[in-house]
Amino acid sequence: MFMQVVIASVLGLGLGLIDPALAMQTRWTTDIFLRLIVMAVGPLLFCIVVMGIVGAGSLRTVGRMGIKALVYFEVMTTFALVMAVGIGMLAQPGRAIVFTPTVEDAQMVASYAQNAHLLHEGGITAFILSLIPHSPTDAFAQANVLQILFFAILFGCCLSLIGEAGAPLVRLVDALAVLFARMMRLIIALAPLGVFGAMATTTAHYGMNAIMHLAAFVGLYFVVIALFIIIALGGCLRLSGVNPWCFLRYFREELAITFTTTTSDAVLPSVMEKLRRMGVDPQVVGLVVPAGYSFNLDALSIYLGLAVVFLAQATGTHLSTWQMVIMLTTALFTSKGAHGVPGIAIVVLAATLAAIPSIPVASLVMLLAVDWFIGIARAVGNLAGNCVAPIVIGAWEGRLDREKMARTGTGLSHRYSLCRKDRYERNFSCQRRYSGNQNPKCPA
């Protein structure tokens, strides 16, 4: 699959450069792929969360894991924001740009500013109310992950409380989970087709030189995302006993699909399946990963911090320490409440700028032209954060199967945990034959 995605990306890039008109007509391949994902991901997510809660046996265990996950999410997103602001102040990517907003610029970002106003209008109360769907079918119809997650948690808790009376429903949900998992495998097989269309249309629309005037900001954002993944997420993996490099190889297909389609929604089921196969407890995976898609947006937090500093420098706006604190606090809340809003990054950024009125909202027009390119790193960074989060919570809860981690070659503490599967299998069979690591007869 990984090589198929790479080949599809290269072919799409070539078609976009050679025949842009024909390339623009391939958009339907990506639309079909993403619609199929949206069609199946809601029911599958519901079944996985419900079975995770029922399988936990104790609602106290579920609550404890949920609190730990939220604490981890807030710590990581806050660190990402502070890191982005610090690097932005040092690198000063906006100093070389002198931007004066025009009337046309203001009109272009008006719709984003209007959506951003909706995020502020109801505050925390509106956010809490938005978690509750008008009806279960409405949550699935709109593919609202937060509302599906809320209903699944409520459904699973009640199903766990009624005991034996709910056994038929448990079997039904379990069977549906298997059914939708099989459906997702068939859909993921079409990933190369969707990647080809996405790469072809994007190259045809923007060209290779369309963003040179903002290349410094785009490049800096990619560098900051890479640093965050290597330092913060890599450090968390090592502390949890996971080899970061082997972990990266393990999820290379999902990262490639996310890189080319600029959305991590398409690989959500695959990520959850691989985490379970890797040795993370299914209950941890079922609760942490879906919640992380709405609450653990590390790369979006980095974008908000870096973009505000960039726009302040480009417009010649001086930000005091207090204004920066207000911006960080606002960003932490607005990024949580904007799930499902079209143009989410620009909308959340507009909502954040509303807390610092001295920066012209019309300056967002500079980032509109490069939002797709920024979205590449943003999607990959968010996916990486949500792959690591279950590992951290699993290690915190003592729910990592080290034996399975060794089999997938991602473990750090096992002597026979290697990236290459053939070498692992040889060593693992040797360990079994001689009954343990410490037997001197074993050459491993």
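Which side chain meets that of Lys274 in a salt bridge, and what is the N to O distance?

A: Two bits of housekeeping come before the answer. This is a predicted model, so local features need pLDDT of at least 70 and side-chain atom pairs count only at pLDDT 80 or more, while totals for chains, interfaces and linings use all residues. Residues are numbered from 1 along each chain as its sequence is written, and side-chain values use heavy atoms, with hydrogens and water left out.

Now for your pair: the partner of Lys274 is Glu254, and their side chains meet in a salt bridge at 3.2 Å, N to O. A salt bridge here means a side-chain nitrogen of Lys or Arg within 4 Å of a carboxyl oxygen of Asp or Glu. Lys274 belongs to helix α15 (residues 268–278) and Glu254 to helix α14 (residues 252–261), so their bridge ties together parts that are 20 residues apart in sequence. (Helices are DSSP runs of H or I with at least four residues, strands are runs of E with at least two, and both are numbered from the N terminus.)

The cut-offs, using a 1.4 Å probe and protein chains only, are under 20% relative accessible area for buried, over 50% for exposed, and partly exposed in between.

Lys274 has another neighbour to show you. Lys274 lies over the face of Tyr250, at 5.3 Å from the ring centre. To count, NZ of Lys or CZ of Arg must be within 6 Å of the ring centre and within 35 degrees of the ring normal. Arg378 sits over Tyr303 in this way, at 5.0 Å from the ring centre.

A search of the whole structure turns up 10 aromatic pairs. Tyr250 and Phe251 make an edge-to-face pair, with 5.1 Å centre to centre and 85 degrees between the planes. Rings of Phe, Tyr and Trp (its six-membered ring) pair if their centres lie within 6.5 Å; planes under 30 degrees apart are stacked, over 60 edge-to-face, and the rest tilted. Tyr250 and Phe251 are both buried.

Back to the charges: the salt bridge count comes to 5. One of them joins Arg64 and Glu397, whose closest N and O atoms are 2.9 Å apart. Arg64 is in helix α4 (residues 59–91) and Glu397 in helix α21 (residues 371–397), so this bridge ties together parts 333 residues apart in sequence. Glu397 also meets Lys68 in a salt bridge, 2.8 Å from N to O. That pair again links α21 to α4, across 329 residues. Glu397 and Lys68 are buried, whereas Arg64, at 36% relative accessibility, counts as partly exposed.

Finally, the greasy part. Tyr303 is among the residues that touch the most other members of the largest nonpolar core, which has 111 residues, and Ile391 is another. Such a core is a set of buried Ala, Val, Leu, Ile, Met, Phe, Trp, Tyr and Cys residues joined through side-chain atoms within 4.5 Å. Helix α21 gives the most to this core, with 14 residues. Neighbours within four places in sequence aside, Ile391 is in contact (heavy atoms within 4.5 Å) with residues including Phe247, Leu275 and Met278.
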